[in-house]
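Morning, everyone. I have one structure to go through today. Let me put it on the screen.

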Amino acid sequence: MAATCAVRAHGGRGGAAAARGRGIAAGARSRTAMMAARAAPRGVLLETSNEPPKGAGMSLALSRGACTDAKDSAPLRAPAEALPPPSGGADVGLAAPSASPATVVSPAEALPGAPAVPADDFPISGISVGEALFNACNILLGVGVLSVPFALEEGGWAALGVLAALAVCTNYTGKALARCQDAGIAPLSADSAERAKALRAQAAAGNPLASYEDIAERAFGERGRQFIQWVLYTELLGTCGLFYILEADHLEMLFGSPVIAREAFIAASFVLFTPTTWLPDLSALSYVGLLGVVSSLGVTAVVAQDFFVGHDAVVSSTTSVAHMGTLPVTFGLLAFVFAGHAVFPNIRASMREPERFDDVLDLTYAIVGTVCLTIGACGYAAYGSSSAEEITLNLPAGGALATACSLVLVNPFAKYALTLDPVAKELERTLGVSHARGSKTRIMANAARTSLSMAALLLATSLPLFGYVMSVMGSFLTLTVSLIFPSLCYLKLYDDELRAGEKFGNWALVSVGGAAAIFGTFTAVSEILETFH
């Protein structure tokens, strides 16, 4: 689930782009992807027969930054069944459950005190390990990958160390969230076989902790849920604003003309995006959203080819080992690359074999880390201090650039409505209107959604330092969701079971994450003040 960019307006390092307030929704996919529905999927589909689930094989799109309500949870359905998109700010196409149901053990075998029921009475369907891997990669491989070279421009080659550290730490906190989902189901001391039995038995009944918000509420009560929802809603609205900037940048690259002002492309983005928020069934956008992974891999290949062929693998003389003054900003920028925690619980709850989620997470991070290392190193080596907030802005004109830009344009269009949806649903609940098909108040609900879309547009166009503002917010919001809060939940829910060393490690993550958020925010604010002076 977030959105941010840090732009520089001094020293010749990306200053022109900074003056235009360009930003990148680095996780939106958060960016983003980051999961848009109050009626988010439980993640498992309980069947009472051996018939395959309706619509099996189809896929859903989730937008990172899940904002779900436990009391509104519903079984996982295919797009044909008009599932409200799960909340969040990331880009993920969630594959539907495969047709073959998996038989699980009776709860009596894994949960003390459960009634003895034959295992055949608990066949469940869920996504496979491969489908879960695709979903997780689609979350993280969003438009945020485009900002990795700019993060190196801000911090120098030392930013690769920040990237590696964040990968290790957020991988751990992702697994910690998974353990938090098991609170009351399986103790930490359970071996793998015992844990597998307990998890599958609980999956048959429906895991009550199917989302990030559920975990927050279990650990810290209703205030915990409200805090996480506030963080995610703020992140999502900002992401929508940066979608306008991202779309306008690439429309200008493809169709730019001296007689067409950049504001015209932002207005065109508004005209394109807003009607998608009126759709009663957003699942139609899920198929377009599947291009998120293709887009990220395609742009990475173009950047690598540009460095090795276009620049003859010659490293720019304007690269630097480290820029200590702005290195803290890179924590907020690079955190978005690994900001899938808002939807990790949903994916795990959807798995047929939830005990294998840790393996899925490790492989996902290996793939995403390789992509980020490739595009970051090649982009920064090729353009050095001229690396733009979106590396596509540096690429030379040609067929490859046109293809990359076209793929990048798909992401904001497909994800905008999904990203805005949880914020819109909360506003509709407050106003007492409904966006559902056939609702008498649907016109009012569409008007509310349009007003939110206009608010995001105003954020993108009215604030001259919007990129800086989002960098400040991102340093706090994303690190909170991906690093700080998961460890706090883990400590709260398993305080009696954790060893002293693991407690110390989690408190260290909380402390380091808090320090990174504070220093990242302070540095971004300092650059804002420096720009004014």
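I'll take the aromatic pairs, then the annotated spans, then the nonpolar cores. Keep in mind that this is a predicted model.

Aromatics, then. Searching the whole structure gives twelve aromatic pairs. Take Trp157 and Tyr380. Their rings sit edge-to-face, 4.9 Å centre to centre, with 70° between the planes. Where do the two residues lie? Trp157 is in the loop between α4 (148-155) and α5 (159-181), and Tyr380 is in helix α13 (residues 357-383). So the pair ties together parts 223 residues apart in sequence. Tyr380 is buried, at 0% relative accessible area. Trp157 is partly exposed, at 28% relative accessibility. There is also a cluster: ring pairs link Tyr212, Phe220, Phe227 and Phe485.

Next, the annotation. The unreviewed UniProt entry marks "transmembrane region" at residues 227-246, 285-309, 321-343, 363-383, 476-494 and 506-525. Look at two of these. Residues 476-494 are 95% helix and 0% strand, with end C-alpha atoms 25 Å apart. Residues 321-343 are 30% helix and 0% strand, and there the end C-alpha atoms are 35 Å apart.

Now the cores. How many residues are in the largest nonpolar core? It has 63, and Val299, Leu334 and Phe338 touch the most other members. Helix α13 gives the largest share of this core, 13 residues. Leaving aside residues up to four places away in sequence, Phe338 touches Leu140, Leu163, Leu166, Ala167, Thr170, Tyr365, Val368 and Ser482. A second core is separate and has 22 residues, including Phe273, Leu409, Ala456 and Leu457.

That's my tour. Over to you.

Note on methods: Residues are numbered from 1 along each chain as its sequence is written. This is a predicted model: local features need pLDDT of at least 70, side-chain atom pairs count only at pLDDT 80 or more; totals for chains, interfaces and linings use all residues. Side-chain values use heavy atoms; hydrogens and water are left out. Rings of Phe, Tyr and Trp (its six-membered ring) pair if their centres lie within 6.5 Å; planes under 30 degrees apart count as stacked, over 60 as edge-to-face and the rest as tilted. Helices (H or I, at least four residues) and strands (E, at least two) are DSSP runs, numbered from the N terminus. Buried means under 20% relative accessible area, exposed over 50%, partly exposed in between (1.4 Å probe, protein chains only). UniProt positions are given in the numbering used here, feature names are shortened, and annotations may be inferred rather than shown by experiment. A nonpolar core is a set of buried Ala, Val, Leu, Ile, Met, Phe, Trp, Tyr and Cys residues joined through side-chain atoms within 4.5 Å. Contact means heavy atoms within 4.5 Å.
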